[in-house]
Amino acid sequence: MKPNILLITADQWRGDCLSAVGHPTVRTPNVDALAREGVLFRRHYAGTAPCSPARATLYTGLYQANHRVCQNGSPLDARFDNLALAARRAGYDPTLFGYTDVSPDPRAVDPQDPVLTSYEGVLPGFTVGQILLEHEKHWLSWLRSKGRTEAFTRDVHRTEHLGAPPVYSSEETQTAFLTDAFLGWREIQDRPWFAHISFLRPHPPFCVPEPYASMFAPGDGPAYARAAERQTEADMHPFLRFAMAVQQKSSFVQGAEGPVSDWTAADLDRIRATYYGMIAEVDAQFGRIVAALRESGQWDNTIIVFTSDHAEMMGDHWSLGKGGYHDGSYHIPLVIRDPAASAAAGRQVDAFTSAADIMPTLCERLGLVPRNHQDGHSLLPFVAGGEPERWRDAAFLEFDFRDVVNGTRETQFGLLSDQCNLSVLRDEAFKYVHFSGLPPLLFDLKADPMELRNVAEDPAFLAVRLHYAEKLLTLRAAHLDQTLAFTELTAGGPVSRPTL
C-alpha cells in the first residue's frame, strides 16, 4: 500500500533544541518519541537563509549556487523540479498547511498579476489546504470566530513586557490553527495523502501563551556562544559589524522599538526562555497530530519528516535571527520516521546532512527520478540502518546579502551585488568562511568551538586556510548543474548515465 507522507517544518528551530540530543533545558517529548521510532540526524544543516532561499533548497534539492534564490523575494526559476511536482507524478495531491515563501518566476506571469507583489507565493504543485501568510489574516479571522473580537492585527502579539504571555491561549496559537486545519482535512481523505505542514513557530515575534510563557526561567540553558562584549564580537569582521548594527527589535518582538543592541544580556535571557516555550508549544501540537494518526490507524502507514527551514541565533554572538555564517543560524533538526524501516528505529546519525537531501530522499522513497540535477543525496541508506558508499565529510552553507532594491549593502561594503555573498565549509575540525569581496574567516573548532578567534591571518594556519579554500573550490566545481552534462548524443542516439 502506498504510504502517506507528512513533511513538517517548524520555522527557525535550532538543531540543538531537542531533549533527544541532550539539551539541558528544552523538553520535546513528542519529537523525541518520533526519534525513538525513526532516525535522528544530529548534524543536519540548512543550505542557506533566510526563509525563501532556505526553503528553495529544501524543496528543490539544489544549493543556492544553483537555484539562485538569494533573498526573500528572489524568484524561483520555473524550470526546476520540486518535491510537490514530484509527489504529483507519484499519484499524490500534495496539500499545504501554512506557507512555502516561494516567489514565482515573473517571466511566466503577466506584469500586472498581483502574485508578483509578494514573496509569499505557494510552491508550484501544492494544493492549498490552509494558507498562513505573514499578515496572519486567516489566523486572525479564526481567532475572532473564537471570541477574540480584538484580533484584527498582529498587535495581538504585543505583551506587557519581555516574556509576558499574549492575549490568546495555547489552544488559539497559529500552531493550533494549522494543526486543526490538517486534522480536519485528514479525516476526509480516502486515498494515500501527502501533506506539508509549515508551522510558523518558533519564528518571531517572540511571545507564547501560558503554560509555555513561564515554563522556562530566564538564564536557563547552555552558555551562549559569544564574546564577553558586543563590541569584541562586532570587531571580528566588517560583515558582523554591519549586520549587528542594523538589527531592529521590531523584527523580533511585536511593537518593540530601537536597535537590538539596546537589549541587555538579561533581556536576551528572557527572550531565550520565551523561545524555548515556543518550541514546547509546537512540540505539544505535534503530539496532537501523532495521537490522531495513531487513533485513526494511519500511523503505521505514514512517513514523517520533521525539520526546519533554518535556525535562530538566539543570543549567540549577541545576535538574533538568521544569516551570516554561525552554526546558530543553520544547524537544524531532522527526524525521519519510515514505518517500512523499523529496524533502524532510535538511530542517531552523526554524518553531515543537508536540507538539499530531503528532495532526493522523498523521490527515491516514492520511486521517482528528479527532472534535473540534484545537489543533495538520498538519506534512505541511513534511514534503513546502513551507510551510503560515499558521503560528504563537511557541511556546506551559503548566505547572499545583496540588496537588489536599495543597494544598501553594496554601498556599505563597496561591492557589486554578485559579490555580496559568502560560502562556508564546516567539518569537525575547522570552519572556513569565504567572502566574494571581503576578508575570509577561519576557526579552529577543536580549540575554539564557539568561533571567537579568527585565525585566517595567523601564519600558523595559512596552510590550513589554503587547504579549505581549495576544498571549497572543488566542491563548488563538483556541484555545477549536471542536468545534461551526463548525456551525450551519439550515432545511436542520446546516451546518458546517472550522476554519482
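This is a predicted model: local features need pLDDT of at least 70, side-chain atom pairs count only at pLDDT 80 or more; totals for chains, interfaces and linings use all residues.
Trainee: Where do R337 and E37 lie?

Mentor: R337 is in strand 7 (residues 334-337) and E37 is in helix 1, 300 residues apart, so the pair links distant parts of the chain. Helices (H or I, at least four residues) and strands (E, at least two) are DSSP runs, numbered from the N terminus. R337 counts as buried because its relative accessibility is 3%, whereas E37, at 28%, counts as partly exposed. Buried means under 20% relative accessible area, exposed over 50%, and partly exposed in between (1.4 Å probe, protein chains only). Salt bridges with shared partners join E37, R294, D300 and R337 into one network.

Trainee: How many salt bridges are there by this rule?

Mentor: The count comes to 29. One of the pairs is D400 with R402, whose closest N and O atoms are 2.8 Å apart. D400 is buried at 2% relative accessibility, and R402 is buried at 15%. Another pair is E451 with K431, at 3.0 Å between the closest N and O atoms. E451 lies in the loop between strand 12 (441-444) and helix 14 (462-478), and K431 lies in strand 11, 20 residues apart. E451 and K431 are both buried.

Trainee: At what angle do helix 1 and helix 9 cross?

Mentor: Two packed helices are described by the angle between their axes and the distance between the axes. Axes are lines fitted to C-alpha atoms, for helices over the stretch in contact, and angles run from 0 to 180 degrees between N-to-C directions. Helix 1 (residues 29-37) and helix 9 (residues 265-296) cross at roughly 50°, their axes coming within 7 Å. They are therefore oblique to each other; angles under 35 degrees count as roughly parallel, over 145 as roughly antiparallel, 65 to 115 as roughly perpendicular and the rest as oblique. P29, N30, V31, L34 and E37 of helix 1 meet D283, A284, F286, G287 and R294 of helix 9, where contact means heavy atoms within 4.5 Å.

Trainee: How do helix 5 and helix 6 pack?

Mentor: Their axes are 10 Å apart, at an angle of about 90°. Helix 5 is thus roughly perpendicular to helix 6. H138, W139 and W142 of helix 5 make the contact with Q174, A176, F177 and D180 of helix 6.

Trainee: Which residues of the largest nonpolar core touch the most other members?

Mentor: In soluble globular proteins, nonpolar side chains tend to be buried together. A nonpolar core is a set of buried Ala, Val, Leu, Ile, Met, Phe, Trp, Tyr and Cys residues joined through side-chain atoms within 4.5 Å. The largest has 67 residues, and L6, W13, W139, F182 and I289 touch the most other members. Helix 9 gives the most to this core, with 14 residues. Another core, of 41 residues, lies apart from it and includes F41, A84, I303 and C363.

Definitions and conventions
Residues are numbered from 1 along each chain as its sequence is written. Side-chain values use heavy atoms; hydrogens and water are left out. A salt bridge is a side-chain nitrogen of Lys or Arg within 4 Å of a carboxyl oxygen of Asp or Glu.
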